[in-house]
Amino acid sequence: MSSLFDVYDTRARLSVGIILISPILLTAYLQLEVIRKLTTTAVVALALLAISNLLLIYTRYFGIHSFSKKEIVENMLLPTDNTIDKLTKQRIYRKLASKDTSLQILVTECNTPNPSNDFRLACSSAYNLIKETSRNNSLIQKESILYGFSRNMYGVKKNGIIVSLFLFALEFIQFRFSYNCDLTAIPIEFFVSFIINIFYLLLWAFFINKKIVKFCAENYAEQLIKSFDQ
């Protein structure tokens, strides 16, 4: 598996796809005997491996469109943002300008109350330079993975809720027509799958939100910018 997916793919993208479809797999496993017999076969393993590639694309597409860490970094680089102290930021400006003369505006206009459009464009360009120099920084990689995971989870939030509601609908139909609304006739597997689906619905509805994504993005942005000062 490690030869097919790198650490970021596995933890920030593939894991999101697995979480998205896991309630379906768990419900099927608990309630269908034929699925339990198949779970140990190579056929299921190969099918899951094939679909995992599609899930990578799916989670990345919706994740990218849900939030932008680049925008957070750019705003944090502005002199009007107080997340990073003024002296540290000025050192970073000078270091950026020494590596790329086109970023000299960061030094000359660092005390301007209202940053110009050219200053903002310079911050945007600086993001790429800072990101490139921190590529091998293990702390930045961890923060990037946490951000990517939260962003991708938020990106497929609606889909997760739809999956949970769909499974609840199926379970209601099963409860109505297979067990005739008789609680005593319901097997333990049905109760377990119902509880699992409640857990997933609560997870998507209340624990996955934009505040979490923003929190992870800001942590990543702060550590990324500070790493350039080392």
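Mentor: Buried means under 20% relative accessible area, exposed means over 50%, and partly exposed is in between, with a 1.4 Å probe and protein chains only. This is a predicted model, in which local features need pLDDT of at least 70 and side-chain atom pairs pLDDT 80 or more, while totals for chains, interfaces and linings use all residues. Residues are numbered from 1 along each chain as its sequence is written, and side-chain values use heavy atoms, without hydrogens and water.

The structure holds three salt bridges (a side-chain nitrogen of Lys or Arg within 4 Å of a carboxyl oxygen of Asp or Glu). One of them pairs Arg91 with Asp229, with 2.8 Å between the closest N and O atoms. This pair links distant parts of the chain, 138 residues apart: Arg91 belongs to helix 5 (residues 86–99), and Asp229 to the segment after helix 11 (210–227). Helices are DSSP runs of H or I with at least four residues, strands runs of E with at least two, numbered from the N terminus. Arg91 has 36% relative accessibility and therefore counts as partly exposed; Asp229, at 26%, is partly exposed as well.

Glu222 and Lys226 form another salt bridge, again with 2.8 Å between the closest N and O atoms. Both lie in helix 11; they are four residues apart, so about one helical turn separates them. Lys226 is partly exposed, at 34% relative accessibility. Arg135 and Glu132 also meet in a salt bridge, 2.8 Å from N to O. Here Arg135 is partly exposed at a relative accessible area of 48%, and Glu132 at 49%.

Helix 5 also holds Thr88, which is buried at 11% relative accessible area. The side chains of Thr88 and Asp85 are joined by a polar contact of 2.7 Å (N or O atoms within 3.5 Å, one able to donate a hydrogen and the other to accept it; residues adjacent in sequence count only if both atoms are side-chain atoms).

Leaving aside residues up to four places away in sequence, Phe119 touches Leu78, Pro79, Tyr93, Ile105, Leu106, Glu109 and Cys110, where contact means heavy atoms within 4.5 Å.

As for the whole, the protein has 11 helices and zero strands. Of its 230 residues, 38% are buried. Among contacts between residues at least 6 apart in sequence, 77% join residues at least 24 apart. The accessible surface, from the Shrake-Rupley method with a 1.4 Å probe, comes to about 13500 Å², and 63% of that belongs to carbon and sulfur atoms.
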